[in-house]
Amino acid sequence: MRLSMREKAAYGLGAVGKDMVYMLSASYIMYYYQDILGINAIAMGVILMAARVFDAFNDPIMGVVVAKTRTKWGKFRPWLFVGTLLNAVLLYLLFAAPPTLNGGGLVAYAAVFYIVWGVTYTMMDIPYWSMIPAFTEGGKEREGLSTLARSCAGVGSALITIITMPAVYFLGQNDERVGFKWFALAVAILFVLFTTITCLAIKEKSTVDMDSPTVGQMFKALLQNDQAMAVVIFIVLINCSLYITSNLVIYFFKYDFGGAAWYNDYMLFNTFGGAVQILSMMLFFPLLRKVLSAIQVFYVSFFAAIAGYALLLILFFANVSNVMMLFIPAFFIFTAFGMLTVLTTVFLANTVDYGELKNHRRDESVIFSMQTFVVKLASGVAALITSICLAASNLSDDTSNVEIVTENVAGSSVVILRLTMTLVPIVGLLVAVFLFHKKYILTEEKVEEIAEELKRR
């Protein structure tokens, strides 16, 4: 039975809330603890990276736990709901660090709550994406739902990009520390509401009961699925490039481009970028798919992103002072990342069928646990690179007078900041497109062949 519009809308709404939470953490956790609370940039980078190493063990295990779950509500929805509740509470606590803490106590607080937040995000994220192969027929329906979910996730990310700083300044009455606390609470409440709607509206299709695999069997099945491993590597490289940009863009406007009026330019740029990213997933991607294959759109997106970064680098060193000029490279970059976000999910969903054909086992939970892990791994790597950039740039944590701080930023600091924002993502994307060309074999024709073979079985 085909999915109803109600089911599709409810599933997409869950993605909006889920990615609002993730983007708030991925884009602003470094800024909150380093720039507002004064934790050393390298210390924060190590914390974020250490959390991702911990996830290397936690995420696949969570995939196994989901696969073993048997309840009258299915195996996905219980974890989705419980994980959301816990993650929402921890999100608030993460951005509500007690004012009495400082020094080592504040570092410990950030480390503990960020790691536990990541655990609960995994608890919710894995079952959410694992449901795609479990309640779609495959082919166009699966691609359509993946596109919808990723488009909605992009809407959630873009909303955070657009509204975070205005909301923080409004809720905190220009006190960023207070503003982030109340904004995190508002996002957490919306997250719980949206996920509740998802859980009530959707239901996985009945599947053949299978013996629950051991952890060793699941790791073996994953390692034997060469296409799944290839796709997760692409996801790491793509998301790392994106997160480096999103982490550093606020520092660029605050210390390089801006002066006293940096905030207005930053908000204008983010609003434009967020709107373009939404359009790319909801309009540009469907239009391109009418004339190009998914793989062809993948290549178009890669080259658009690389061209955008190259143009941005040129504009940086041309000392452009009009924010509108930055919209040109931003259009290519945000359009590309919007479409790549959709495509990587489609490709990963296809590897579930490939793995079933090759290994005689349907391992959607474990494969999608790898997506959760690698996206968080990418944010951790990006945070570490960001922290190194900030330390090397020697950007001041004293932002009481932004205009004076900006004037005192050395030329070498500006160069380090600009090169990290552009050349590092370009290198990451070039490696990703090279590996994609060499390793990925699941064309649309191949996916249809696999689907037919599975039906015959």
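The legends below describe close-up views of a predicted model.

Residues are numbered from 1 along each chain as its sequence is written. In this predicted model, local features need pLDDT of at least 70, side-chain atom pairs count only at pLDDT 80 or more, and totals for chains, interfaces and linings use all residues, while side-chain values use heavy atoms, with hydrogens and water left out.

**View 1. Lysine 18 and aspartate 125 form a salt bridge.**
A salt bridge is a side-chain nitrogen of Lys or Arg within 4 Å of a carboxyl oxygen of Asp or Glu. The structure holds six salt bridges. In this one, the N to O distance between the side chains of lysine 18 and aspartate 125 is 2.9 Å. The pair links distant parts of the chain, 107 residues apart: lysine 18 is in helix α1 (residues 5-36) and aspartate 125 is in helix α4 (residues 103-134). Helices are DSSP runs (H or I, at least four residues), numbered from the N terminus. Both lysine 18 and aspartate 125 are buried. Buried means under 20% relative accessible area, exposed means over 50%, and partly exposed lies in between (1.4 Å probe, protein chains only).

**View 2. Lysine 358 and aspartate 226 form a salt bridge.**
The N to O distance between these two side chains is 3.1 Å. Lysine 358 lies in helix α11 (residues 323-359) and aspartate 226 in helix α8 (residues 226-258), so the pair ties together parts that are 132 residues apart in sequence. Lysine 358 counts as partly exposed because its relative accessibility is 42%. Aspartate 226 is also partly exposed, at 33% relative accessibility.

**View 3. Arginine 418 and aspartate 256 form a salt bridge.**
Their side chains meet at 2.8 Å, N to O. This pair links distant parts of the chain, with arginine 418 in helix α14 (residues 411-439) and aspartate 256 in helix α8, 162 residues apart. Arginine 418 has a relative accessibility of 10%, so arginine 418 counts as buried. Aspartate 256 is buried as well, with a relative accessible area of 17%. Elsewhere, salt bridges that share partners join Lys18, Asp19 and Asp125 into one network. Side chains of opposite charge can pair when their charged atoms come close.

**View 4. Phe81, Val82, Leu85 and Leu86 make a nonpolar surface patch.**
The area of the patch is about 300 Å². Patches are made of residues with over 30% relative accessible area and no salt bridge; like charges are joined within 9 Å, and nonpolar side chains (Val, Leu, Ile, Met, Phe, Trp, Tyr) within 5 Å. Accessible areas come from the Shrake-Rupley method with a 1.4 Å probe, and for residues only the protein chains shown count as cover. Phenylalanine 81 is placed in helix α3 (residues 77-94). At 32% relative accessibility, phenylalanine 81 counts as partly exposed.

**View 5. Four glutamates gather in a patch of negative charge on the surface.**
The patch is formed by Glu445, Glu448, Glu449 and Glu452. Lys and Arg count as positive and Asp and Glu as negative, while His and the chain ends are not counted. The place of a charge is taken as NZ of Lys, CZ of Arg, CG of Asp or CD of Glu. Glutamate 445 lies in helix α15 (residues 444-456), and glutamate 445 counts as exposed at 52% relative accessibility.

**View 6. Asparagine 87 and tyrosine 121 are 5.8 Å apart in space, C-alpha to C-alpha.**
In sequence, asparagine 87 and tyrosine 121 are 34 residues apart. Asparagine 87 lies in helix α3 and is buried, with a relative accessible area of 0%.

**View 7. Leucine 148 and valine 342 are 8.3 Å apart in space, C-alpha to C-alpha.**
Their separation in sequence is 194 residues. Leucine 148 belongs to helix α5 (residues 139-171). The relative accessible area of leucine 148 is 28%, so leucine 148 is partly exposed.

**View 8. Asparagine 174 has a positive phi although it is not a glycine.**
The phi of asparagine 174 is about 75°. Asparagine 174 is found in the loop between α5 and α6 (176-201). With a relative accessible area of 60%, asparagine 174 is exposed.

**View 9. Asparagine 319 has a positive phi although it is not a glycine.**
Here phi is about 55°. The loop between α10 (294-317) and α11 holds asparagine 319. Asparagine 319 is exposed, at a relative accessible area of 56%.

Notes:
Helix = DSSP H or I, 4+ residues; strand = E, 2+ residues; numbered from the N terminus.
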